[in-house]
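Please read the following report alongside the sequence and the three-dimensional view.

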Amino acid sequence: MIASLSLKSQQYLGNGFLALREVDQRIEALLTSCRSFIDGCGQKPSRSSSSSRNSSRQPRIAYGMAVAAAAVLVLVLLSFSGPLCPRLLSASPSPSPSPPEPVALTLLACATEKGAVCLDGTPPGYHLQRGSGSGSRSWLIHLEGGAWCSTVERCSDRRMTVLGSSDFMKPIQFAGSGILDSDQNLNPDFYNWNKVYVRYCDGASFSGDAEGRAQDGSILHFRGLPIYEAVIDELMEKGLAKATQALLTGCSAGGLATLLHCDDFSARFPKEASVKCLADAGFFLDAKDISGERSFQANFDGVVQLQNVREVLYKDCLANKDPTECFYPAELIKSIHTPVFILNSAYDPSQIRNILVPGSSDPDKSWLSCKDNIKNCNSTQIQILHGFRNAMVNDLKVVQEKEDWGMFIDSCFTHCQALYGISWNSPISPRLENKTIAKAVGDWHSGRRQGVKYIDCEYPCNPTCSSLLPTPP
């Protein structure tokens with residue numbers, strides 16, 4: 001289950017996604033260098049002599065070699081993406097443009113007095129990059145993801161990782177990180193905004209407010225809701241309160257957090273401010289696994305009960321359903337009033353591996369290869385995946401009825417797409433109706449286009465779904 005991932009996998013979700021973004025940045029630099037070399041090699045030779053005609057072969061050879069080298073290096077970099085990736089890249093002898101300085105971590109030391117602390121009691125943190133020019137009064141707040149912890153044991157283990165303690169948090173790089181990038185060409189709608197990356201260290205999508213006891217007698221702090229409130233309060237003092245535009249975003253567990261807090265976030269601003277939300281890879285389904293059990297619901301129920309998330313749930317839902325049901329996005333979107341954009345893959349590998357086909361439902365491991373790569377799935381498995389996709393599309397009918405909402409539901413085998421330049425806006429980004437994710441989100445947010453609601457056809461119909469797109473473990 002996502003909520004019961006191994007310690008190693010949870011560390012990957014915290015550190016590994018940051019490592020994947022570093023790979024993304026290095027790939028961009030590599031391709032830029034290769035393009036410069038190719039452009040130089042591709043200049044037309046003089047036709048004035050036979051020697052120049054002979055020498056014209058050299059540019060073509062060099063061109064082919066450069067293209068081949070770029071392709072090989074891109075594949076090598078991506079194949080090594082993961083916890084060891086930063087060390088591999090830093091040891092590379094090939095020169096490349098130096099990336100911008102990483103964005104420093106700001107700790108909320110004073111918030112500890114209000115109980116706003118990580119699982120281990122350390123202060124929460126965020127990374128702030130100031131906007132400029134026309135974006136100086138526009139703010140983008142991103143809530144980090146990284147699964148959940150649903151038992152005392154798992155939350156205890158999580159305390160010793162970046163997803164449970166600020167002791168392990170380091171500065172991070174925004175360059176090359178999709179919607180956080182400051183390059184106008186790569187992120188035209190949000191490049192010069194004030195951008196904040198809020199670290200996730202509570203294990204319940206910034207929604208819990210309780211305490212527990214670990215097996216060793218120490219306190220477990222389930223304070224996601226106070227963390228969210230303390231971060232937003234501090235940012236309001238730093239200029240967020242004067243924002244003319246504000247966008248709350250999040251990926252995975254952070255995408256769920258975005259839905260949980262969207263209306264509260266919007267209520268903090270005057271009516272004349274434009275406030276919207278973007279939930280990336282956070283539309284988790286309440287679905288049966290292939291054995292017919294709702295095993296993922298049991299884990300969600302553990303999170304809801306252990307960490308006391310009732311405070312963030314909508315009262316109209318709680319009047320008719322139990323809290324665990326109200327924690328699911330399909331119920332949340334029925335109550336949210338603020339404009340929301342849903343970005344998700346209908347074949348999200350994280351959901352396939354943890355909701356549809358968790359290990360407990362596949363004892364003979366017949367799905368192992370399929371879960372690793374959708375291209376390995378047989379026809380029967382593909383049909384089951386189509387059924388999962390159709391369930392998501394059905395749950396999203398509510399979005400179709402909301403005029404100021406938007407969505408981009410592709411059929412690519414990937415998870416979290418707004419945080420990676422390769423997915424957000426690149427030559428191999430997924431496209432629906434010939435629109436990249438960056439274009440679709442920008443059109444929706446700015447109002448340049450009405451009805452930005454794109455749903456892809458069934459896999460494998462979309463040729464823009466590249467195998468190079470990032471996937472979780």
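Leaving aside its neighbours within four places in sequence, which residues is Ala 257 in contact with?

## Around Ala 257

Ala 257 is in contact with Leu 143, Ser 205 and Phe 206, once its neighbours within four places in sequence are set aside, where contact means heavy atoms within 4.5 Å. This alanine is found in helix 7, and its relative accessible area of 0% makes it buried, because buried means under 20% relative accessible area, exposed over 50% and partly exposed in between, with a 1.4 Å probe and protein chains only. The C-alpha atoms of Ala 257 and Gly 145 are separated by 8.5 Å, although the two residues are 112 residues apart along the chain.

Ser 205, one of the residues in contact with Ala 257, lies in the loop between strand 4 (194-198) and strand 5 (210-213). It is buried as well, with a relative accessible area of 0%, and its phi is near 55°, a positive value in a residue other than glycine.

## The model and the chain

This is a predicted model, in which local features need pLDDT of at least 70 and side-chain atom pairs count only at pLDDT 80 or more, while totals for chains, interfaces and linings use all residues. Residues are numbered from 1 along each chain as its sequence is written, and side-chain values use heavy atoms, with hydrogens and water left out.

The chain has 17 helices and eleven strands, taken as DSSP runs numbered from the N terminus, with helices being H or I of at least four residues and strands being E of at least two. Of its 473 residues, 56% count as buried. Among contacts between residues at least 6 apart in sequence, 76% join residues at least 24 apart.

## Helix 6 against helix 7

Two packed helices are described by the angle between their axes and the distance between the axes. Here the axes of helix 6 (residues 224-237) and helix 7 (residues 253-267) come within 12 Å and cross at roughly 35°; the axes are lines fitted to C-alpha atoms over the stretch in contact, and angles run from 0 to 180 degrees between N-to-C directions. On the side of helix 6, Leu 225, Tyr 228 and Ile 232 meet His 261, Asp 264 and Phe 265 in helix 7.

## An aromatic cluster

Ring pairs link Trp 148, Phe 284, Phe 296, Phe 300, Phe 327 and Tyr 328 into a cluster. Rings of Phe, Tyr and Trp (its six-membered ring) pair if their centres lie within 6.5 Å, and planes under 30 degrees apart count as stacked, over 60 as edge-to-face and the rest as tilted. By this rule the count comes to 14 aromatic pairs. In one of them, Trp 148 and Phe 300 are edge-to-face, at 5.1 Å centre to centre and 90° between the planes. Trp 148 sits in the loop between strand 3 (138-143) and helix 5 (152-158), whereas Phe 300 belongs to helix 8 (residues 295-307), 152 residues apart.

Phe 300 is buried at 0% relative accessibility. The rings of Phe 300 and Tyr 328 have centres 4.8 Å apart and planes at 50°, so this pair is tilted. Tyr 328, in the loop between helix 10 (323-326) and helix 11 (329-335), is buried with a relative accessible area of 2%.

## Backbone details

Asn 308, in the loop between helix 8 and helix 9 (315-318), has a positive phi of about 55° although it is not a glycine, and it is partly exposed at 39% relative accessible area. A cis peptide bond, with omega about 10°, joins Tyr 459 and Pro 460, and Pro 460 has its place in the segment after strand 11 (453-455).
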